[in-house]
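Good morning, colleagues. Please take a moment with the model on the screen, and then I shall go through its architecture and its contacts.

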Amino acid sequence: MKKTLFVLYLIWIPFWGHAQIGSSLDLEAYFSAVIVTDMDRSIKWYSKVLGFTVVSKFESEERGFKQSNLKRNSILIELIELDNAVSSKDVVPNYTQKTRIIGFFKTGFLVSDFNQWINHLRAEKVDFYGDVVNDNTTGKKMVIITDPDGNRIQIFEK
């Protein structure tokens with residue numbers, strides 16, 4: 001029950017700000033950026049698992065920086081590999097999977113055929129972060145998966 005209430009709270013947050021600001025200001029999702037440890041592995045994963053294609057790549061060896069822009073329909077994801085990036089496990093004492101770091105927590109996608117997506121994700125041997133759950137309010141299914149670096153991606157049934 002606590003988990004369901006927490007998920008509902010996270011879903012409600014984006015709508016709360018809308019009521020305060022008003023509908024006259026335009027805001028449209030544009031892109032998300034993810035720091036990764038291995039650009040080639042991440043490009044392969046986001047392409048094979050989620051169907052993204054690479055639209056551009058940039059690399060600066062002297063700055064220790066790689067960047068790739070991926071796209072699927074209107075969804076854009078920027079992958080960034082930095083030589084000086086650190087892992088939460090490396091800098092947070094007593095880090096566990098339950099440790100929460102302030103900042104972006106996950107990204108989410110809506111899918112029309114949830115069960116087909118689950119079958120696809122299982123066939124690709126994707127790591128699931130928990131089980132498929134039903135939202136008591138909407139009756140819709142959802143699940144969290146992780147990319148090769150442990151970044152959380154939540155899949156919601158439309």
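Accessible areas here come from the Shrake-Rupley method with a 1.4 Å probe, and for residues only the protein chains shown count as cover. On that basis the protein chain exposes about 11300 Å², of which carbon and sulfur atoms supply 54%.

Two remarks on the source. This is a predicted model, in which local features need pLDDT of at least 70 and side-chain atom pairs count only at pLDDT 80 or more, while totals for chains, interfaces and linings use all residues. Residues are numbered from 1 along each chain as its sequence is written, and side-chain values use heavy atoms, with hydrogens and water left out.

Let me continue with the chain as a whole. A residue is called buried under 20% relative accessible area, exposed over 50%, and partly exposed in between (1.4 Å probe, protein chains only). By this criterion, 27% of the 158 residues of the protein chain count as buried. Contact means heavy atoms within 4.5 Å. Among contacts between residues at least 6 apart in sequence, 52% join residues at least 24 apart.

Helices (H or I, at least four residues) and strands (E, at least two) are DSSP runs, numbered from the N terminus. The protein chain has four helices and nine strands, and along the sequence they follow the pattern α-β-α-β-β-β-α-β-α-β-β-β-β.

I turn now to a sheet. Two strands are said to pair if DSSP finds at least two bridges between them. In what order do the strands of the open sheet of four run? The order is E1-E4-E3-E2, and the pairing is mixed. Strand E1 (31–36) and strand E2 (53–60) are the edge strands, each pairing on one side only. Direction ignored, neighbouring strands of this sheet are turned by 15° against each other on average; the axes are lines fitted to C-alpha atoms, for helices over the stretch in contact, and angles run from 0 to 180 degrees between N-to-C directions.

Strand E3 (residues 65–72) and strand E4 (residues 75–82), by contrast, pair in the antiparallel sense over eight bridges. Glu78 in E4 is the bridge partner of Ala33, and Glu78 is also the bridge partner of Asn69. Arg72 has Ile75 of E4 as its bridge partner. The hairpin of E3 and E4 has two residues between the strands, and Asn73 there takes a positive phi near 55°.

Next, helix H4 (114–123). Its buried residues are Phe114, Trp117, Ile118 and Leu121. Seen down the axis of H4, they fall within an arc of 100°, so they line one face of the helix; the arc is that of the directions from the helix axis to the C-beta atoms. The face turned away from this buried side carries the exposed residues Gln116, Asn119 and Ala123. The cover over the buried residues of H4 includes H2, E3, strand E5 (106–111), E6, E8 and E9. Just after H4, Lys125 takes a positive phi of about 60°.

Which side chains form salt bridges? The term denotes a side-chain nitrogen of Lys or Arg within 4 Å of a carboxyl oxygen of Asp or Glu, and a search of the whole structure finds two. In one, Asp149 meets Arg41 at 3.0 Å, N to O. Asp149 lies in the loop between strand E8 (141–146) and strand E9 (152–157), and Arg41 lies in helix H2 (residues 39–50), 108 residues apart. Asp149 counts as partly exposed at 26% relative accessibility, and Arg41 is partly exposed at 36%.

In the other, Glu124 pairs with Lys48, the closest N and O atoms being 3.5 Å apart. Glu124 sits in the loop between H4 and strand E6 (127–128), Lys48 in helix H2, and 76 residues separate them. Glu124 is partly exposed, with a relative accessible area of 27%.

Finally, the loop between E8 and E9 also holds Pro148, which is partly exposed at 30% relative accessibility. Leaving aside neighbours within four places in sequence, Pro148 is in contact with Arg41 and Trp45. Pro148 and Ser42 are 106 residues apart in sequence and 6.7 Å apart in space, C-alpha to C-alpha. Ser42 lies in helix H2 and is buried, with a relative accessible area of 0%. Beyond its neighbours within four places in sequence, Ser42 is in contact with Val36, Leu79 and Asp149.
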